[in-house]
Amino acid sequence: MAQASREERKKKVIEVLNQARAMELQAIYQYMNQHYNLDSMDYGELAKNIKLIAIDEMRHAESFAERIKELGGEPTSEMAGRVEKGQPVEKIYPSDSKAEEDAIEAYNQFLRVCMDNGDSITAKLFETIIDEEQKHLNYFDNVNDHLERLGPAYLAKIAGTSASTGPSTKGFVIGGGE
Ligand code: FE
Ligand code: FE
């Protein structure tokens, strides 16, 4: 089989970086929407953590864009899908867990595309971000678990807690969410 040209290989990596960026952009809008909803439902602590996770996704979208620029591509501004508005709290956590699982699965595939095309730097970026998505998934699963086991009792405990992130705007993984 003929070796693909360097330009072709770069193009494939840029393509998966842009697919990943589109997923991040959707996640940012989705999580911001949930953050405002949870805040108005007065579930402060839940709102705070989703806000911090949205900030992580912004960092991911930026990291992907920076790498796309480095490779000579144009970062997309399209979202991968539609944002669901006004979800009840029981819908938010299963759907966010699924979004994180989908991201982990997709990024693992993208990582392989990077390796197949000789780009270990981008592969490493995917590896780092997969680790962070795993932390988001663990958090969403954890909340889901509480909601399933305790339901209203858990929510009653959360009601009225503070939505403040304090001075930290570093996000969930680096800033220390939960
Ligand atoms: Fe992300
Ligand atoms: Fe995530």
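Predicted model: local features only at pLDDT ≥ 70, side-chain atom pairs only at ≥ 80, totals over all residues.
**Stop 1: the largest pocket**

Begin by selecting Gln26, Ala27, Tyr31, Ser95 and Ala99. Among the 18 residues that line the largest pocket, these lie nearest its centre. The volume of this pocket is about 310 Å³. Now colour helix 1 (6–40) and helix 3 (89–116), the elements that each give two or more residues to the lining. Which helix supplies the largest share of the lining? Helix 3 does, with 7 residues. Colouring the lining by class gives 8 charged, 6 nonpolar and 4 polar residues.

**Stop 2**

Side chains of opposite charge can pair when their charged atoms come close. Searching the whole structure turns up 7 salt bridges, and the next selections visit some of them.

Select Asp56 and Arg59 and show their side chains. The two form a salt bridge, and their closest N and O atoms are 3.0 Å apart. Both residues belong to helix 2 (residues 44–70), where they sit 3 residues apart, about one turn of the helix. Is Asp56 buried or exposed? Asp56 counts as buried because its relative accessibility is 0%, under the 20% cut-off. Arg59, with a relative accessible area of 27%, is partly exposed.

Stay in helix 2 and select Arg67 and Glu70. Here too there is a salt bridge, with 2.8 Å between the closest N and O atoms. The spacing along helix 2 is 3 residues, about one turn. Arg67 counts as buried, at 12% relative accessibility. Glu70 is exposed because its relative accessible area is 60%, over the 50% cut-off.

**Stop 3**

How far apart are the closest N and O atoms of the Asp145 and Arg149 salt bridge? They are 3.3 Å apart. For Asp145 the relative accessibility is 35%, so this residue counts as partly exposed. Arg149, at 56%, counts as exposed.

**Stop 4: the network**

Finally, select Asp56, Arg59 and Glu132 together. Salt bridges with shared partners join these residues into one network.

How values were computed
Residues numbered from 1 in each chain as written. Chains lettered and ligands numbered in written order. Heavy atoms only, no water. 1 Å grid on protein atoms, 1.4 Å probe; cavity = no way out; pocket = protein on both sides within 12 Å on 5 of 7 lines; lining within 4 Å. Points joined across faces, edges and corners; volume = space filled by probe spheres on them. Helix = DSSP H or I, 4+ residues; strand = E, 2+ residues; numbered from the N terminus. Nonpolar A, V, L, I, M, F, W, Y, C, P; charged D, E, K, R; others polar. Salt bridge = Lys/Arg side-chain N within 4 Å of Asp/Glu carboxyl O. Buried < 20%, exposed > 50% of the residue type's maximum accessible area, 1.4 Å probe, protein only.
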